[in-house]
Amino acid sequence: MGCCFSRSPSDSGEAIRISPIHGNQTPLEQEQQQPRVEHTLPLQDRFNRPLHRHVWVSKIPLTAGQLRLRREEYFDTRVTGRMEIWNAIRMAVDVLDEDLETAQQILNAAGVSIPTGDLRNGVFDELGNRYDLPEYCVSVPMNLLQTPDGGDDIEEKGSETDNEDAEIRREEKGKMPIHLQENIYSLTARLSDRGGPDILVRFAKNDHIRVIARRILENAGIPSDQFKIRIAYLGKILKDTETLHESNWVEGHLVNALVFPKTWF
């Protein structure tokens, strides 16, 4: 003899099916044949939750500078997974504590899924590769130590900014005007800090991403000493030292320009 009970999925969002248990089964067979719960949630809801901040307390209190150095050491030593995904995760972490929505947009653009919504529990790229992160890489601890003067590595960050600006100026120095160069292209960029309009820039085939990003800033009227742009294309954050053509950009395709304060880098 057997029995079968069922409940409509509309009752609680999931269906429970109990298979028949026959009276002549052994206790072991009955134990193995347990009710099986089948979830009816859509696949994307099951495996990609909205991002939320991870709350934690460091066993050894860290200053902001120490936290930043530990993060740099971790991200700079990754040898597994795809580098563009690590770069996207790193950018999302940098803005997460200040701007949750922008962090989510960065991960979405890179095709990163977060099964639990918490970066600490691991994330996946579109190929199914898993990326694990220690707590100090996903959020600022609740017991972050403040420096005596309340500062946060301002001089060091300023020095990095000056070096980057100087490098871009050296790269552009000596080049003939853009309108006189060969292999000139037009690029439409959609900025993350506004609803429109899109920004149109012209660039040479051999211009690096960082040069194009600077032109987007200038054309958008955004002060380059305060803000920086990362360019995303087809869900990937492009490297500053590459060209658009090395990134397989197709002429006429729009790119996303993610705008961040320089103090976040």
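Reader: At what angle do helix 4 and helix 5 pack, and how far apart are their axes?

Author: In this predicted model, helix 4 and helix 5 (residues 100-109) pack at an angle of about 175°, and their axes are 8 Å apart. Because angles over 145 degrees count as roughly antiparallel, helix 4 is roughly antiparallel to helix 5.

Reader: Which residues make the contact?

Author: Helix 4 contributes A88, I89, M91, A92, V95 and L96, while helix 5 contributes L100, T102, A103, I106 and L107. By class, this contact of helix 4 with helix 5 has 10 nonpolar, one polar and no charged residues.

Reader: And what about helix 3 and helix 4, what is their angle?

Author: Helix 3 (residues 64-76) and helix 4 (residues 83-96) pack at about 165°, with axes 11 Å apart. Helix 3 and helix 4 are therefore roughly antiparallel to each other, and their crossing is right-handed.

Reader: Which residues meet there?

Author: From helix 3, R71, E72, Y74, F75 and D76 meet W86, I89, R90, V93 and D94 of helix 4. The residues of this contact divide into five nonpolar, no polar and five charged.

Reader: Changing topic: how many residues of strand 9 are buried?

Author: Five of the seven residues in strand 9 (residues 255-261) are buried, and the strand is mostly covered.

Reader: In which sense does strand 9 pair with strand 5, parallel or antiparallel?

Author: Strand 5 (residues 184-191) pairs with strand 9 in the parallel sense, over three bridges. R190 stands opposite N256 in strand 9.

Reader: And with strand 7, parallel or antiparallel?

Author: Strand 7 (residues 227-233) and strand 9 pair in the antiparallel sense over six bridges. The bridge partner of K228 in strand 9 is F260.

Note on methods. Residues numbered from 1 in each chain as written. Predicted model: local features only at pLDDT ≥ 70, side-chain atom pairs only at ≥ 80, totals over all residues. Heavy atoms only, no water. Axes fitted to C-alpha atoms, helices over the stretch in contact; angles between N-to-C directions. Helix = DSSP H or I, 4+ residues; strand = E, 2+ residues; numbered from the N terminus. Parallel < 35°, antiparallel > 145°, perpendicular 65-115°, else oblique. Left-handed = near helix turned anticlockwise from the far one by under 90°. Contact = heavy atoms within 4.5 Å. Nonpolar A, V, L, I, M, F, W, Y, C, P; charged D, E, K, R; others polar. Buried < 20%, exposed > 50% of the residue type's maximum accessible area, 1.4 Å probe, protein only. Pairing = 2+ DSSP bridges.
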